[in-house]
Amino acid sequence: MASIIESAWQYLITNFSDFQLACLGSFFLHESVFFLSGLPFIYLERAGWLSKYKIQTKNNSPAAQEKCITRLLLYHFGVNLPVMIFSYPVFSYMGMRSSLPLPSWKIVLTQIIFYFILEDFVFYWGHRVLHTKWLYKHVHSVHHEYATPFGLTSEYAHPAEILFLGFATIVGPAITGPHLITLWLWMVVRVLETVEAHCGYHFPWSLSNFLPLYGGADFHDYHHRLLYTKSGNYSSTFTYMDWIFGTDKGYRKLKELKRVGAEEDNKEM
């Protein structure tokens, strides 16, 4: 398996420059993973399939879904791609490389764990700041236009927010200068996580049922349903920051009430 990956990587670095791979390659990878993982939730919602796992009964109209996709394409080409291009010198200066040999899985895993920890910390405080009155009204309210989120709404946001919270995602790689394949793996994992958190469905196989402190769709859906001053649940991937600062108390209380109610219903049956 390792030889296959190395052979494929050898093809890439032979036929494309570091700039092309780091900027255009990263952009193509992001778009592919994002839309391929997010679009199915639009069709699930429209068709009503797996509705028993849907967190909210309300559905988005086709017009609202199409508006989201149109704006996303505008933001991705108008904001994300230029950011990738202009940040390339920083990553290059910090030591990012694409050459062989590929890093060991231990190095890749260690760096990605570090990125998650740092991203959770930075994102939490940035997200809380965006929920202050002025910034919510003029910036973050764009993201909250969808009180019933679906996968693609994860990146639907004001351009200023894309830059503001996007910093949380790239600061780890920017200061460590990883191998490009590590950066790509981080991007893929992070995109899949944020799409899942906004998908609007809580499945029996959802990661939040198995990974301690993992937020997931149920955790983040609560954040979208409530008024901006009372929502809480500001975390990105893992919820330890909300737990430390008590900003998930409303969510935990609601979960406990539902659990007690379910137990009482079972006793009556």
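Me: Over residues 107-126, what percentage of the chain is helix, and how far apart are the end C-alpha atoms?

Reply: Helices here are DSSP runs of H or I with at least four residues, and strands are runs of E with at least two, numbered from the N terminus. Residues 107-126 are 100% helix and 0% strand, with 28 Å between the end C-alpha atoms. Do keep in mind that this is a predicted model: local features need pLDDT of at least 70, side-chain atom pairs count only at pLDDT 80 or more, and totals for chains, interfaces and linings use all residues. Residues are numbered from 1 along each chain as its sequence is written, and side-chain values use heavy atoms, with hydrogens and water left out.

Me: Which residues does UniProt list under "transmembrane region"?

Reply: The unreviewed UniProt entry lists 21-43, 73-95, 107-126 and 162-186; such annotations may be inferred rather than shown by experiment. Residues 162-186 are 88% helix and 0% strand, and their end C-alpha atoms lie 18 Å apart.

Me: At what angle do helix α1 and helix α7 cross?

Reply: Axes are lines fitted to C-alpha atoms, for helices over the stretch in contact, and angles run from 0 to 180 degrees between N-to-C directions. The axes of α1 (residues 2-15) and α7 (residues 180-197) cross at roughly 105° and come within 12 Å. That makes α1 roughly perpendicular to α7, a label for angles of 65 to 115 degrees. I5, W9 and L12 of α1 make the contact with L180, I181 and W184 of α7, where contact means heavy atoms within 4.5 Å.

Me: How should I read a pocket, and what volume does the largest pocket have?

Reply: Rolling a probe the size of a water molecule over the atoms shows where empty space is left. On a 1 Å grid over the protein atoms alone, using a 1.4 Å probe, a pocket is an open set of points with protein on both sides within 12 Å along at least five of seven lines; lining residues have an atom within 4 Å of a point. The largest pocket has a volume of about 980 Å³, counted as the space filled by probe spheres set on the points. Its lining has 41 residues, with N80, E155, I162, G166 and T169 nearest the centre. Helix α6 gives the largest share of that lining, nine residues.

Me: Which helix supplies the largest share of the lining of the second largest pocket?

Reply: That is α1, with three residues. The second largest pocket has a volume of about 230 Å³, and its lining includes I5 and I181.

Technical notes. Angles under 35 degrees count as roughly parallel, over 145 as roughly antiparallel, 65 to 115 as roughly perpendicular and the rest as oblique.
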